[in-house]
Amino acid sequence: QVQLVESGGGLVQAGGSLRLSCAASGSIFSINAMYWYRQAPGKQRELVAGITSGGSTNYADSVKGRFTISIDNVNDTMYLQMNSLKPEDTAVYLCNADLLDRVLGWGTDYWGQGTQVTVSS
């Protein structure tokens, strides 16, 4: 069984920084890519950033230049460094993985429980 566990959320003032982590564990053979999504109250879930195991990245326009995604392939952990935070970044941040499970095969429907990020003005 695969588990994704996020950490690092919290309350920060506008202009501040936070670093989120997503640790994957369980019956993982390999990870193809990992993603950060966020969902604010009353809004649709949106893709914030993604990274492949080879290090290729993509970002939502709203976070380019402020957020940096990275991955530790040895420890199956993904990070999101968030700088210059704005009140509109307030949301639950969730990680998602595209990976090969030793038992179930390839799958993309692996999600963490989410971590709350609140940015005060």
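The secondary structure of the protein chain consists of zero helices and eleven strands; helices (H or I, at least four residues) and strands (E, at least two) are DSSP runs, numbered from the N terminus. The model is a predicted one, in which local features need pLDDT of at least 70 and side-chain atom pairs count only at pLDDT 80 or more, while totals for chains, interfaces and linings use all residues. Residues are numbered from 1 along each chain as its sequence is written, and side-chain values use heavy atoms, with hydrogens and water left out.

Consider the overall form. Along the principal axes, the C-alpha atoms of the protein chain fill a box of roughly 45 × 25 × 20 Å. For 121 residues, a compact globule would have a radius of gyration near 14 Å, and the 14 Å of the protein chain agrees with this. That radius is taken over C-alpha atoms, and the globule rule is 2.2 Å times the number of residues to the power 0.38. Of the 121 residues, 43% count as buried; buried means under 20% relative accessible area, exposed over 50%, and partly exposed in between (1.4 Å probe, protein chains only).

Four of the strands form an open sheet in the order β1-β3-β8-β7, with antiparallel pairing; two strands pair if DSSP finds at least two bridges between them. The strands β1 (2-7) and β7 (67-72) stand at the edges, each with a single partner strand, so one side of each has no neighbour in the sheet. Six bridges join β1 to the antiparallel strand β3 (residues 18-26). Within this pair, Val2 stands opposite Gly26 in β3.

The charged side chains come next. Side chains of opposite charge can pair when their charged atoms come close. The structure holds four salt bridges, each defined as a side-chain nitrogen of Lys or Arg within 4 Å of a carboxyl oxygen of Asp or Glu. One of them joins Arg38 and Asp89, at 2.9 Å from N to O. This pair links distant parts of the chain, since Arg38 lies in strand β4 (residues 28-39) and Asp89 in the loop between β8 (77-82) and β9 (91-101), 51 residues apart. Both Arg38 and Asp89 are buried.

Asp89 also forms a salt bridge with Arg66, the closest N and O atoms being 2.7 Å apart. Arg66 lies in the loop between β6 (57-59) and β7, so its pairing with Asp89 ties together parts that are 23 residues apart in sequence. Arg66 is buried, as is Asp89. Salt bridges that share partners join Arg38, Glu46, Arg66 and Asp89 into one network.
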